[in-house]
Amino acid sequence: MTTTIPTPNPELTKVVNSFKHSAALAQALPFDMAREQYAKAVQAGLLRRSMLDWAKFEQHLHLLEQVTLGPLARRV
């Protein structure tokens, strides 16, 4: 008796990949919102405009994203 491996349905694969992409975007949304709020605070004058401050903020936020999402975190 031989076993055959079924070929994947291309439409189903497309739907699954689309769902994975949407889920990844939804999980990253709080971190993107934090970046947006930081930028708005700088534009409003609540925070000083500094590339060094932005770099520190981005490093901390990236680390938090990696710790929170683990292997699902985005990579640069």
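**Helix packing, ring pairs and salt bridges**

In helix 1, Gln-27, Ala-28, Phe-31, Ala-34, Arg-35 and Tyr-38 meet Asp-53, Trp-54, Phe-57, Glu-58, Leu-61, His-62, Leu-64, Glu-65, Thr-68 and Leu-69 of helix 2. Contact here means heavy atoms within 4.5 Å. Helices (H or I, at least four residues) and strands (E, at least two) are DSSP runs, numbered from the N terminus. The model is predicted: local features need pLDDT of at least 70, side-chain atom pairs count only at pLDDT 80 or more, and totals for chains, interfaces and linings use all residues. Residues are numbered from 1 along each chain as its sequence is written, and side-chain values use heavy atoms, with hydrogens and water left out.

The axes of helix 1 and helix 2 come within 11 Å. They cross at roughly 165 degrees. That makes helix 1 roughly antiparallel to helix 2. Axes are lines fitted to C-alpha atoms, for helices over the stretch in contact, and angles run from 0 to 180 degrees between N-to-C directions. Angles under 35 degrees count as roughly parallel, over 145 as roughly antiparallel, 65 to 115 as roughly perpendicular and the rest as oblique. Helix 1 passes helix 2 in a right-handed crossing. A crossing is right-handed if the near helix is turned clockwise from the far one by less than a right angle, and left-handed if anticlockwise.

Leu-61 belongs to helix 2. Leu-61 is buried, at a relative accessible area of 7%. Buried means under 20% relative accessible area, exposed over 50%, and partly exposed in between (1.4 Å probe, protein chains only). With neighbours within four places in sequence left aside, Leu-61 is in contact with Phe-31, Ala-34 and Arg-35. The C-alpha atoms of Leu-61 and Asp-32 are separated by 9.5 Å, and the two residues are 29 apart along the chain.

Aromatic residues were examined next. A pair of aromatic rings is described by the distance of the centres and the angle of the planes. Rings of Phe, Tyr and Trp (its six-membered ring) pair if their centres lie within 6.5 Å; planes under 30 degrees apart count as stacked, over 60 as edge-to-face and the rest as tilted. A search of the whole structure finds 3 aromatic pairs. One of them joins Tyr-38 and Phe-57, with ring centres 4.4 Å apart and planes at 20 degrees, so this pair is stacked. The pair links distant parts of the chain: Tyr-38 lies in helix 1 and Phe-57 in helix 2, 19 residues apart. Tyr-38 is buried, at 12% relative accessibility. Phe-57 is partly exposed, at 22%. Trp-54 and Phe-57 form a tilted pair, with 5.6 Å centre to centre and 35 degrees between the planes. Both residues lie in helix 2, 3 residues apart, about one turn of the helix. Trp-54 is partly exposed, with a relative accessible area of 34%.

The structure holds 7 salt bridges. A salt bridge is a side-chain nitrogen of Lys or Arg within 4 Å of a carboxyl oxygen of Asp or Glu. Glu-58 forms one with Arg-35, where the closest N and O atoms are 2.9 Å apart. This pair links distant parts of the chain, with Glu-58 in helix 2 (residues 51-69) and Arg-35 in helix 1 (residues 10-44), 23 residues apart. Glu-58 counts as partly exposed, at 24% relative accessibility. Arg-35 counts as buried, at 16%.

Glu-65 and Arg-74 form another salt bridge, at 3.1 Å from N to O. Glu-65 is buried, with a relative accessible area of 2%. Arg-74 is partly exposed, at 35%. Salt bridges that share partners join Asp-32, Arg-35, Glu-58, Glu-65 and Arg-74 into one network.

The side chains of Lys-40 and Glu-36 also meet in a salt bridge (3.6 Å, N to O). Both residues lie in helix 1, 4 residues apart, about one turn of the helix. Lys-40 is partly exposed, at 44% relative accessibility. Glu-36 is partly exposed too, with a relative accessible area of 41%.

Pro-8 lies in the segment before helix 1. Pro-8 is exposed, with a relative accessible area of 65%. The C-alpha atoms of Pro-8 and Gln-59 are separated by 40 Å, and the two residues are 51 apart along the chain.
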